[in-house]
Amino acid sequence: MRQTEAKIWRFQDDGTIPNSGLPVVLYPGALTEEAESIERIFNLNNWRNSWTNGIYSFHHYHSDAHEVLGIVRGYAVVQLGGERGETVKLQKGDVVILPAGTGHKRLSASGDLLVAGAYPDGMSCNLRKGAEGERPRALEEIRAVPLPSTDPVYGRNGPLMRLWTTQELASF
């Protein structure tokens, strides 16, 4: 694992994808481990209920959990924040932390893409697509998601702990 400078983005509610008052955090090239080791790093830092797979090719978000994605192999071009969001290329070793409510969609990917994901405290997550009628409940669920107790890569003193504060959460 390497200490890298975090990149952050803030996305506004676009009427379909709520996004969050918390920033999306990217650690470029932070991890060089294989899938099991990346999952183990997340798990050791209390981001559990981990999995390996890919990224859905449609806009979606999780209203009841934050999510970390670590690119184990290959690359993916993703759109973060919904239709008016940011297009970002994620490649092997990159880690992106998505606050609850943040839209994400795979636009393209290498054939060998493999992603490891996890959730703080081993939370389970739902799958929201911005469908009509889901918004009021989704907004309530997003507000109720607690801040994580650790950074999924760097632990208790990682950059996420400074970037996601209760003051920022209150602005949502």
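Modeller: Neighbours within four places in sequence aside, Tyr27 is in contact (heavy atoms within 4.5 Å) with Thr4, Ala6, Gly93, Asp94, Val95, Ile97, Asp151, Val153, Tyr154, Pro159 and Leu160. The model is predicted, so local features need pLDDT of at least 70 and side-chain atom pairs count only at pLDDT 80 or more, while totals for chains, interfaces and linings use all residues. Residues are numbered from 1 along each chain as its sequence is written, and side-chain values use heavy atoms, with hydrogens and water left out.

Tyr27 is among the residues with the most contacts inside the largest nonpolar core, together with Leu31, Phe42, Val95 and Ile97; this core has 21 residues. A nonpolar core here is a set of buried Ala, Val, Leu, Ile, Met, Phe, Trp, Tyr and Cys residues joined through side-chain atoms within 4.5 Å. Buried means under 20% relative accessible area, exposed over 50%, and partly exposed in between, with a 1.4 Å probe and protein chains only. Two or more residues each come from β2 (24-27), α1 (35-44), β4, β7 (95-98) and β9 (114-120). The largest share, four residues, is from α1. These elements are DSSP runs numbered from the N terminus: helices are H or I of at least four residues, strands E of at least two. Apart from this core lies another, of 16 residues, including Ile71, Val78, Leu80 and Leu113. In soluble globular proteins, nonpolar side chains tend to be buried together.

The open space comes next. The largest pocket holds about 220 Å³. A pocket is an open set of points on a 1 Å grid over the protein atoms alone where a 1.4 Å probe fits, with protein on both sides within 12 Å along at least five of seven lines; lining residues have an atom within 4 Å of a point. Its lining has 13 residues, and Trp51, Gly54, Tyr56, His60 and Glu67 are the closest to the centre. Strands β3 (47-53) and β4 (67-73) each give two or more residues to that lining.

His60 sits in the loop between β3 and β4. It counts as buried because its relative accessible area is 2%. Its side chain reaches the backbone oxygen of Phe58 at 2.9 Å. Beyond four places in sequence, His60 is in contact with Thr102, Gly103, His104, Leu127, Arg128 and Lys129.

Note on methods:
Points joined across faces, edges and corners; volume = space filled by probe spheres on them. Polar contact = N/O pair within 3.5 Å; in protein donor to acceptor, adjacent residues only side chain to side chain.
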